[in-house]
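Thank you all for making time this morning. I would like to walk you through one model slowly, one chain after the other, and then turn to the place where the chains touch.

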Amino acid sequence: MKSLLKLTLVLGLIATAGSATAVQMFDFDAQAILPTTVGSAAEAYGIIVNGDAVDTPLPLDFANFEYTIVVTGLILDSTGSTSIFSGGTVVIYEDDATAADWAVPAGFSDGVAILSGTLATFQHTMLLATVGSGQGYVDWTGGTRLNELAPADQTGWPFLTTVSRAATQVEPGYTEKWDGKVEPTEDVVATEVQSWSNLKVLFR
Amino acid sequence: MTLRKYVSRSMVPVMLVLLTIGANPALAAVADYVGFGWETGGIDPSVPGDELAIATVVTQIDALFGIDLNAVESTLYIDGLLSQGAIVNPSTGITTISYTGGTLRLYADPGEDSDWGINPANGTVPSTFINGDLLFEASFTSFSLILQSSGGGAFEGYLNGTGGSALIGPCSDCAYTFAGAFSTPSGAQIPEGYDLQVDGVLEVESAVAIENMSWGSVKNLYR
């Protein structure tokens with residue numbers, strides 16, 4: 001339609017001026033298996049738990065689907081007080097068929113891959129006897145909903161996680177619990193259609 | 001410590017010890033939370049007497065707390081933690097801050113109105129995080145926060161239960177909380193005026209739960 005221009009308005013910037021409360025993240029609860037030898041791979045299997053409590057960067061239908069996040073191929077490059085990993089893959093799945101169960105890791109990676117990407121580097125530090133944290137960055141490169149993110153919004157998402165090795169938190173067969181999130185660097189906002197005249201009004 | 005679960009005058013409350021077999025050595029009622037914290041005067045540097053507060057929303061909660069997150073909002077609010085000052089390890093750059101005092105409160109609110117806003121305390125913090133029904137209240141016996149120069153970090157604290165509708169009575173050393181704590185260098189989204197993003201867990205011991213049974217049912221257990 002010629003009279004309308006499809007514009008992507010950076011409403012997040014506008015919103016931030018009035019309120020910085022529109023926090024978005026994929027908040028997950030995961031179990032991870034960590035290697036002890038350099039060159040081996042870590043993996044993690046998690047459930048996205050935002051529900052109604054915290055906004056997700058893309059609209060998700062928690063009433064009808066389960067969303068899982070899987071990290072694989074995260075290679076341990078060095079160990080020490082901080083361990084360094086690289087080369088991981090991160091995928092978020094949407095599934096309405098199989099309830100995720102940590103006893104069956106394969107159940108986390110069925111369904112539709114809505115976002116997939118790379119966790120190029122990740123550092124992991126134990127800071128207390130059983131508690132630590134991990135941090136890295138995700139670049140989204142695939143998935144059925146990748147195109148809902150503007151190209152500039154697809155890279156550099158912080159991957160931040162709490163690490164717990166408390167016996168009460170770790171499922172059988174896993175090394176530690178990850179209570180974390182993947183989040184955009186700023187709010188992802190929807191595309192809005194406006195007429196030229198309305199657009200001009202914004203600049204008067 | 002016990003969590004209040006069932007109430008009926010026509011039934012006799014009986015203490016049943018719930019034993020677990022497997023990897024988990026103890027049962028705990030768990031709440032998973034995410035939110036933001038700030039310290040008076042800012043956390044860098046944390047100086048003696050600064051007060052840390054943390055406002056969070058609960059994303060998962062154990063059924064033992066007796067609420068449904070599809071029907072109500074649950075918030076967890078921590079305040080009154082007084083900094084003893086920051087200690088920086090010169091070789092690692094890791095900052096450790098110990099705190100004294102402090103209270104943790106867990107609420108269920110049908111209003112679902114929590115809003116972090118900016119520059120706390122503000123018009124919505126703490127007010128929208130401390131409204132609703134008080135489910136659990138506890139006082140910290142210890143609390144430590146550790147931060148790396150990369151922006152990643154963690155905290156943990158131990159608590160005595162003091163009140164709330166889910167708690168049947170005071171309890172000592174019966175709750176534990178830990179979280180990742182992420183400051184600006186980590187890339188975490190942090191609203192203006194806050195110092196930390198946190199993502200953590202509250203565990204309240206519930207190894208002994210109350211279940212109501214008739215006398216006949218109790219007798220059958222011994223036949």
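This is a predicted model: local features need pLDDT of at least 70, side-chain atom pairs count only at pLDDT 80 or more; totals for chains, interfaces and linings use all residues.

To take one pair from chain A, strand S6, residues 112–126, runs antiparallel to strand S7, residues 131–142, and nine bridges link the two.

How far does the predictor trust chain A? The average pLDDT of chain A is 87, and 85% of its residues score at least 70. Residues 1–20 of chain A, however, have a pLDDT below 50, although this stretch still makes 26 contacts in the model beyond near neighbours in sequence.

Now we move to chain B, which has one helix and ten strands, and along the sequence the pattern reads β-β-β-β-β-β-β-β-β-β-α. Eight strands of chain B, in the order S2-S3-S4-S5-S6-S7-S8-S9, close into a barrel with antiparallel pairing, and neighbouring strands of this sheet are turned against each other by 25° on average, direction ignored. Within chain B, strand S5, residues 95–109, pairs with strand S6, residues 133–147, in the antiparallel sense over eleven bridges, and B:Thr95 stands opposite B:Leu147 in S6 of chain B. Of the 223 residues of chain B, 46% count as buried. Among contacts in chain B between residues at least 6 apart in sequence, 67% join residues at least 24 apart.

Finally, which chains give residues to the contact, and how many? Chain B gives 39 residues and chain A gives 35. On the side of chain B that touches chain A, the elements giving two or more residues are strands S2, S3, S7, S8 and S9 of chain B. The residues on that side of chain B divide into 18 nonpolar, 15 polar and six charged.

Note on methods. Residues are numbered from 1 along each chain as its sequence is written. Chains are lettered from A and ligands numbered from 1 in the order in which they are written. Two residues are in contact if their C-beta atoms, placed from the backbone, lie within 7 Å. Helices (H or I, at least four residues) and strands (E, at least two) are DSSP runs, numbered from the N terminus. Ala, Val, Leu, Ile, Met, Phe, Trp, Tyr, Cys and Pro count as nonpolar, Asp, Glu, Lys and Arg as charged, and the others, Gly among them, as polar. Two strands pair if DSSP finds at least two bridges between them. Axes are lines fitted to C-alpha atoms, for helices over the stretch in contact, and angles run from 0 to 180 degrees between N-to-C directions. A residue is buried if 20 or more other C-beta atoms lie within 10 Å of its own, exposed if 12 or fewer, and partly exposed in between; C-beta atoms are placed from the backbone. pLDDT is the predictor's confidence in each residue, from 0 to 100.
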